[in-house]
Structure formats: C-alpha cells, structure tokens
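Please look through the sequence and the model below before reading on.

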Amino acid sequence: MLYTIIMILICIASIFVILAVLAQNPKSGMAANFGVSNQVMGVRQTSDFLEKFTWTMAIAIVALSLLATLAMDRSRVAESNAEISRDANALLEKTVEAPVAIPQAELPGEAPAQTPAE
C-alpha cells in the first residue's frame, strides 16, 4: 500500500518537473501562454521560482525513489528474482543445447550447390 502511494507521488512529481521545464523559457514555450504570471511576478522572479521548483521536484523524485525501494515487499522481490533466475537459466540451457545453423548466402548469378547423384 505504501509502495503504491509513493509511486503515485513520483508520477505526480514527474509531471510537475515536465511542466516546470516546459515553462522555464519566458520568451517561448508554455511561459508565453502564461504571460500573466510574468507581469505579476516579473520575469526574473518567475525564472528563479521555476528553477527552485524544478530542483525541489527532482530531489523529491530521488528521495521518493529511495523510499520506494525501502517500501517494497521483500517476499514479492524474492519471488520476482527467483522467476527471473529461472527464466535466465532456461534460456541459457536452450541456447547451449540447440546450436543454430547459420545459412550460407548465395552469390547472385551462381547456381545453387547440387548434391552428387548416386
């Protein structure tokens, strides 16, 4: 349950980072659509706020990611690792047991090789 909440918070913070990055250049991008904020706070204060907000959200994403790692259910992680190991071993055995024959390319204009007649 905690893991799900943390993942939702990470998604929300990621969306905020995307929006903040898109709005950072006051002459173009999304900031041109929000001209009112530039008039109220001024361009410099908007840039400072967006930069601080972007850094805050980036740090929040890193912290939430570390917290999500700690909040994972250990039994599910062990079960998932066992499945991955089983699949890897099965794939390894399959590639070792059945060598793949590489077909030879035919050159243009040549007749295919004939087997000798008996």
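## The nonpolar core

The largest nonpolar core has eight residues, namely Ile6, Ile10, Ala13, Val17, Met57, Ile61, Leu64 and Ala68. A nonpolar core is here a set of buried Ala, Val, Leu, Ile, Met, Phe, Trp, Tyr and Cys residues joined through side-chain atoms within 4.5 Å, and buried means under 20% relative accessible area, while exposed means over 50% and partly exposed lies in between, with a 1.4 Å probe and protein chains only. Helices α1 and α4, the latter covering residues 43-71, each supply at least two residues of this core. In soluble globular proteins, nonpolar side chains tend to be buried together.

Met57, one of the core residues, is in contact with Ala13, Phe16 and Val17 when its neighbours within four places in sequence are left aside; contact means that heavy atoms lie within 4.5 Å.

## How the model is described

This is a predicted model, in which local features need pLDDT of at least 70 and side-chain atom pairs count only at pLDDT 80 or more, whereas totals for chains, interfaces and linings use all residues. Residues are numbered from 1 along each chain as its sequence is written, and side-chain values use heavy atoms, with hydrogens and water left out.

## The chain as a whole

Helices (H or I, at least four residues) and strands (E, at least two) are DSSP runs, numbered from the N terminus.

Of the 118 residues of the protein chain, 14% count as buried. Among contacts between residues at least 6 apart in sequence, 67% join residues at least 24 apart. The chain exposes about 10000 Å², of which carbon and sulfur atoms supply 67%; accessible areas come from the Shrake-Rupley method with a 1.4 Å probe, and for residues only the protein chains shown count as cover.

## Helix α1 and its buried face

Helix α1, which runs over residues 2-22, has 21 residues and reaches 31 Å from its first C-alpha to its last, close to the 30 Å expected at 1.5 Å a residue. The expected span is 1.5 Å times one less than the number of residues in the helix. The buried residues of α1 are Ile6, Ile10, Ala13, Val17 and Ala20. Seen down the axis of α1, these buried residues fall within an arc of 90°, so they line one face of the helix; the arc is that of the directions from the helix axis to the C-beta atoms.

Tyr3 also lies in helix α1, but at 32% relative accessibility Tyr3 counts as partly exposed. Leaving aside its neighbours within four places in sequence, Tyr3 is in contact with Ala68, Ala71 and Met72.

The structure holds two aromatic pairs. The rings of Phe49 and Phe53 have their centres 5.9 Å apart and their planes at 20°, so this pair is stacked. Rings of Phe, Tyr and Trp (its six-membered ring) pair if their centres lie within 6.5 Å, and planes under 30 degrees apart count as stacked, over 60 as edge-to-face and the rest as tilted.

Phe49 and Phe53 both lie in helix α4, four residues apart, which is about one turn of the helix. Phe49 is partly exposed, with a relative accessible area of 48%, and Phe53 is partly exposed as well, with a value of 24%. Ring pairs link Phe16, Phe49 and Phe53 into a cluster.
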